[in-house]
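Visitor: I'm new to reading protein structures. Could you walk me through a few features, one at a time?

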Amino acid sequence: MYDRSECTETIIKENYVVVYELLDEMLDNGFPLATESNILKELIKPPNILRTIANTVTGKSNVSATLPSGQLSNVPWRRTGVKYTNNEAYFDVVEEVDAIIDRTGATVFAEIQGYIDCCIKLSGMPDLTLSFMNPRLFDDVSFHPCVRFKRWESERILSFIPPDGNFRLLSYHIGSQSIVAIPIYVRHNISLKELGGGRLDITVGPKQTIGRTVENVTLEIPMPKIVLNCTLTPNQGKYSFDPVSKILLWDIGRIDVSKLPNLRGSITVQNSASTMESNPAINVHFTINQLAVSGLKVNRLDMYGEKYKPFKGVKYITKAGKFQIRM
């Protein structure tokens, strides 16, 4: 349950006993107490079918009778006695671009919400330092409790004893005072002025991607209420139009630079309507692997306190956050 990325109503109902146990350990008289996932996993065993049956028969609970090994140490986020056959440290630098582009293609607003997610599987008690090529890019940074803040303030280096497993090392924000590169463009033309009909023509292409491929591209257009149906032809991907919600969805996938994705065709509107009440906006979704659009780069990762040499890896991902193009 702890490692699932989605927390739905169904999952909570299926595991409501575990949820109560978690809340009981996380809060003490209404104040946060134990919030580290490593500690909670040792305190409360993750649910499975066999454990549920055994607890039902014996009347026991998932709560451990002993304190977690790291609870009383000065690094409570890491359990003691960690051992791995393969020692690995992976870092995912993920940046989400929030932007509003006007109908002429000019940027009205653009900023980046970024975070670094880690998967650390290292034996013993390693002490890591992570440095960046250009740490001055960060506007606003939020750290995991393991990061030594004074070292960051003085040297702009992340120094920390990592938790075991998956965790978010830091979140950051790059605001509008920095120039944010827009990695995709959309050329669009919509006309609903003709009585009883209209035309739509949309072309999508990459922009400032340093040769990286733009993938998982999806365009979502909430059409005006006067639109009854869309008869369109895509040269790449597939589209769908829901006549009830009036949402036009174009799933492009990967952009082929040699033949840019295009969607064009006719739109059927109500006979009584001659013009649309407002221009629709295009919500764009995309992913670009091996690119941090801000230009952020990890310089090096060093480990102290242990003698083995771990395998290290860094992955960069740029995604669309709230990315909107006005038509």
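Visitor: Let's start with F132 and F138: are they buried or exposed?

Guide: This is a predicted model, so keep that in mind as we go. F132 and F138 are both buried. The label buried goes to a residue with under 20% relative accessible area.

Visitor: How many aromatic pairs are there?

Guide: Ring pairs are judged by how far apart the centres are and how the planes are angled. The count here is eight aromatic pairs. Take F132 and F138: the ring centres are 5.5 Å apart and the planes meet at 85°, so this pair is edge-to-face.

Visitor: What about the rings of F286 and F323?

Guide: Their centres are 5.4 Å apart with the planes at 85°, so you'd call that pair edge-to-face too. Now look at where they sit: F286 belongs to strand β16 (residues 281-289) and F323 to strand β18 (residues 311-326), so the pair ties together parts 37 residues apart in sequence. F286 is buried, at a relative accessible area of 2%, and F323 is buried with a value of 2%.

Visitor: What sits over the ring of Y115?

Guide: That's the charged end of R168, 3.8 Å from the ring's centre.

Visitor: Now pockets. How much space lies in the second largest pocket?

Guide: The general idea: rolling a probe the size of a water molecule over the atoms shows where empty space is left. In this model, the second largest pocket holds about 300 Å³. It is lined by 13 residues, and the closest to its centre are D117, C118, N166, F167 and R168. The elements giving two or more residues to that lining are α3 (37-43), β3 (88-101), β4 (107-121) and β8 (165-174). By class, the lining has five nonpolar, four polar and four charged residues. Domain 1 (9-58) and domain 2 (88-179 + 293-326) each give at least three residues to this lining.

Notes: Residues numbered from 1 in each chain as written. Predicted model: local features only at pLDDT ≥ 70, side-chain atom pairs only at ≥ 80, totals over all residues. Heavy atoms only, no water. Phe/Tyr/Trp six-rings, centres within 6.5 Å; stacked < 30°, edge-to-face > 60°. Buried < 20%, exposed > 50% of the residue type's maximum accessible area, 1.4 Å probe, protein only. Helix = DSSP H or I, 4+ residues; strand = E, 2+ residues; numbered from the N terminus. Lys NZ or Arg CZ within 6 Å of the ring centre and 35° of its normal. 1 Å grid on protein atoms, 1.4 Å probe; cavity = no way out; pocket = protein on both sides within 12 Å on 5 of 7 lines; lining within 4 Å. Points joined across faces, edges and corners; volume = space filled by probe spheres on them. Nonpolar A, V, L, I, M, F, W, Y, C, P; charged D, E, K, R; others polar. Domains from an automatic or database assignment.
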